[in-house]
Amino acid sequence: MEKRLSSPWDRVQAARSAGRPTARAFIEAMLTDFTPLCGDRRFGEDSAVLAGPARLHGKPLMVVGLEKGVDTKDKIAHNFGSAQPEGYRKSLRLMKQAEKFRLPLLCLVDTSGAYCGIGAEERGQGQAIAENLTTLMGLQTPVVSVLIGEGGSGGALALAVADRVWMLENAVYSVISPEGCASILWKDPAKTREAAKSLRLTAEDLRGFGVIERIFPEEPGLFAQLAGALEETFAELSRLETADLLEARYLKYRKLGAGIT
Amino acid sequence: MSIFKKGLFKRPNVPLESQEGAPEAALPEDGLWLRCGRCKSMLLSAELAQNAQVCPKCGAHFHLGARQRIAGIVDQGSFQELFADVAAGDPLDFPGYGAKLEKARRQSGEIEAVVCGRARIQDRPLALFAMDPGFMMGSMGCAVGEKIARLFEFALEQRLPVLGFTVSGGARMQEGILSLMQMAKVSGAVRRFGEAGLLYVCVLTDPTTGGVTASFAMEADVTLAEPGALIGFAGPRVIEQTIRQRLPQGFQTAEFLLEKGFVDRIVDRRAQREEIGRLLRLYGEADAWKKG
């Protein structure tokens, strides 16, 4: 039995760890013929989003990933995985291509959150994310999102409205960072660990809530296991009638938080 | 060197509330009198209530409770509330949340941060939701998402237009990831509603931020905003702390969003009933062409 990280704060640190594979590593290990495409055709290119067509076990699909970068220079080039509105609009453009060409869509999510700055607000960060949400809700092709590291709030959700949402064992997914929660709610940065626990952001927590379906252990053979699961799932989802696929996707989200009176 | 230090590394020390265009409050002087937070005029609270909580001297729009807002915009006696009993639980068993909810309920007299229903405006039927700034500053948890999703489903079934008023600090962090999921849930309902050719008008009021901005506040066919309202994805304080510089005057105001192309029209609260009535007729009478 390998050592498993126990505390939620350990998970947060693991999810952010510098040595962790980023979206590019998953693409290189699982896919072939990856052809990255650029630009949102509205404003510019955003390298925080790494996306384009590729093959999974020989079959074509569209992959859209949030890429944090690996060394300092690379991280700066990818803006540490925090997308600007143009990054979400670039992903939107390729999601619509996936629909047009009947390619399944694979999203790889790893971001501390959507970029927060003057330009991002000027160009409508909120509107860009919102448009991804409505588009993914009705996108007429199978969608699987895998949270491979950090799932930071709306910036992660913009690529994670999917038929299946999966998480790596040490990935985290939260409405706010533990630091943000501790400082806003308790005005006390020292309570970050407690916030990490209270936010229930681990893969097991999220599976318990029905937000994700499956957890992939971080052990040798992970890439092959994930690739196998993706192939099987895309094949299964591709056999469904589009109307049934979309109805099931809608109901999956519709029931979250509906059990209240 | 000192400029470098100031610009890049020093945290902002001037509170944003002092900025022009940022949210102001009507500050209570005593029970009867208030002072306008913008023009500093002394106002009678009764005078302010009669003027839809808009300063009669300078036009500053103060926060307005959901029920007052609805009462001021719909045809008298036409409002029928829907889903009134939908209430938040404490799905994460989050420290202190239960007590906070209790306090919000006691202070606001509401069960949750949004009021939904059907009504008429200038005799045209519609479904509407109004978020409440008095309930945890309109924060969006499961109950808020559930009520708004149900409203869009109801309006789709009844083929009614939807009018929304947003005011929100964003997703309710005490409900964690389930709050975030409400953005997806409501967006799905808005999409289905829109695909049926039905009209959604949203009025953004002060403040509209975070997860609400990144979902149903930005998904309307026609997006209106109240003058001076703060509207944004990230809150101004978070941005200032991230980029370590002061934000320009008027940043993230309704006027700024209009200029950047994210809002259709800025409409004074006192003119909204007329404006919305006109929009409902313009978008609801396409059949006129078939009738010749």
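## A nonpolar patch on chain B

B:L32, B:W33, B:M42 and B:L44 together make a nonpolar surface patch of about 340 Å². In such patches, nonpolar side chains (Val, Leu, Ile, Met, Phe, Trp, Tyr) are joined within 5 Å, and the residues have over 30% relative accessible area and no salt bridge (a side-chain nitrogen of Lys or Arg within 4 Å of a carboxyl oxygen of Asp or Glu). Areas come from the Shrake-Rupley method with a 1.4 Å probe, and for residues only the protein chains shown count as cover.

B:L44 sits in strand β3 (residues 42-44) of chain B; strands are DSSP E runs of at least two residues, helices H or I runs of at least four. With a relative accessible area of 31%, B:L44 is partly exposed, the class between buried (under 20%) and exposed (over 50%).

## About the model

This is a predicted model, where local features need pLDDT of at least 70 and side-chain atom pairs count only at pLDDT 80 or more, while totals for chains, interfaces and linings use all residues. Residues are numbered from 1 along each chain, chains are lettered from A and ligands numbered from 1 as written, and side-chain values use heavy atoms, leaving out hydrogens and water.

## A proline in chain A

Over in chain A, A:P8 belongs to helix α1 (residues 8-16). A:P8 counts as buried because its relative accessibility is 18%. Leaving aside residues up to four places away in sequence, A:P8 touches A:A196, A:K197, A:L201 and A:T202, with contact meaning heavy atoms within 4.5 Å.

## The sheet in chain B

Chain B has an open, mixed sheet of seven strands, ordered β4-β5-β6-β7-β8-β9-β10. Its edge strands are β4 (80-82) and β10 (265-266), each pairing on one side only; pairing takes at least two DSSP bridges.

Definitions and conventions: Patches are made of residues with over 30% relative accessible area and no salt bridge: like charges are joined within 9 Å, nonpolar side chains (Val, Leu, Ile, Met, Phe, Trp, Tyr) within 5 Å. Buried means under 20% relative accessible area, exposed over 50%, partly exposed in between (1.4 Å probe, protein chains only).
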